[in-house]
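Keep the structure open beside you as you read.

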Amino acid sequence: FFDVRVVHAKGSPEDLCVRISATNHGPDPAPLDLVPQLWFRNTWRWGRDDRTPSLRRIAPVEGTGHVTVEAQHALLGRYLLSAEGDPELLFCDNESDLVGLFGATANPTPYPKNGVDAAVVRGDRSLLNPAEEGTKVGVRYHFDAVAPGETVTVQLRLSADTAAGHRFDDPFDAVIDDRRAEADEFYGAVIPVDVDDVDREVARRAFAGLLWGRQLYRYDVEA
């Protein structure tokens, strides 16, 4: 089995660094597909604003050489997703497969959102948009054989900063290191010092999940 760890760190409110690491804990070499995905929430079907955003492959940012996807949204503006290395891009639309799910006679798009699953899991590429555009994209990193104990790592960056927001060298590492240091400082203040390392890790994971999911719990606490 594989242990997969995902690190998110913001360089700014409009600059998100992502590092995904997968370690093979099995006794044998094994193939692996890591498929981080980017999509737009389907608001154009709500009947209030039919403007449809877009994702499309573009030439890499000058000087980087990495795979690049342009995201255009009427409200959010323009972002670029840079994927380190040379992964395969799987484009479709964030629309349900009404034919497959409910037996409908037609879909709103020939490239429904299960196109990524069909391509990676079943080898069926018929639901992918050959024009490499849509409202959903899977970034497929394929590894033929990951050795026992080996860790493979992929990195992505979603940013509105087209000048410097797509590098994967020291600035990328510095963003992650700085946010990690800030997190350590925060949890060092909110978790009591007498908590052991195991419980401290559990607390950090729990708090992180609440923060990431924006959960709110209301408690009545006696003074």
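Two strands are said to pair if DSSP finds at least two bridges between them. Helices (H or I, at least four residues) and strands (E, at least two) are DSSP runs, numbered from the N terminus. What you see is a predicted model, in which local features need pLDDT of at least 70 and side-chain atom pairs count only at pLDDT 80 or more, while totals for chains, interfaces and linings use all residues. Residues are numbered from 1 along each chain as its sequence is written, and side-chain values use heavy atoms, with hydrogens and water left out.

Start with the open sheet of 7 strands, which runs in the order β1-β2-β11-β7-β6-β5-β9 with antiparallel pairing. At its edges stand β1 (2-12) and β9 (133-134), each with a single partner strand, so one side of each has no neighbour in the sheet. Further in, β6 (residues 67-73) and β7 (residues 77-83) form an antiparallel pair over 7 bridges. Here you can find Thr 68 opposite Ser 82 in β7.

Helix α3 (residues 170-190) packs on this sheet, touching β1, β2 (15-24) and β11 (151-159); contact here means heavy atoms within 4.5 Å. The direction of α3 makes about 95° with that of β1, where axes are lines fitted to C-alpha atoms, for helices over the stretch in contact, and angles run from 0 to 180 degrees between N-to-C directions.

For a closer look at one strand, pick Arg 19 in β2. The C-alpha atoms of Arg 19 and Gln 155 are 4.5 Å apart, although 136 residues separate the two along the chain. Leaving aside neighbours within four places in sequence, the contacts of Arg 19 include Arg 5, Val 7, Thr 153, Gln 155, Phe 172 and Ile 176.

Now turn to helix α2 (residues 115-122), whose buried residues are Gly 115, Val 116, Ala 118 and Ala 119. Buried means under 20% relative accessible area, exposed over 50%, and partly exposed in between (1.4 Å probe, protein chains only). Those buried residues pack against β4 (37-39), β8 (88-92) and β10 (136-146).

Finally, back to α3, where Val 190 lies. Val 190 counts as partly exposed because its relative accessibility is 42%.
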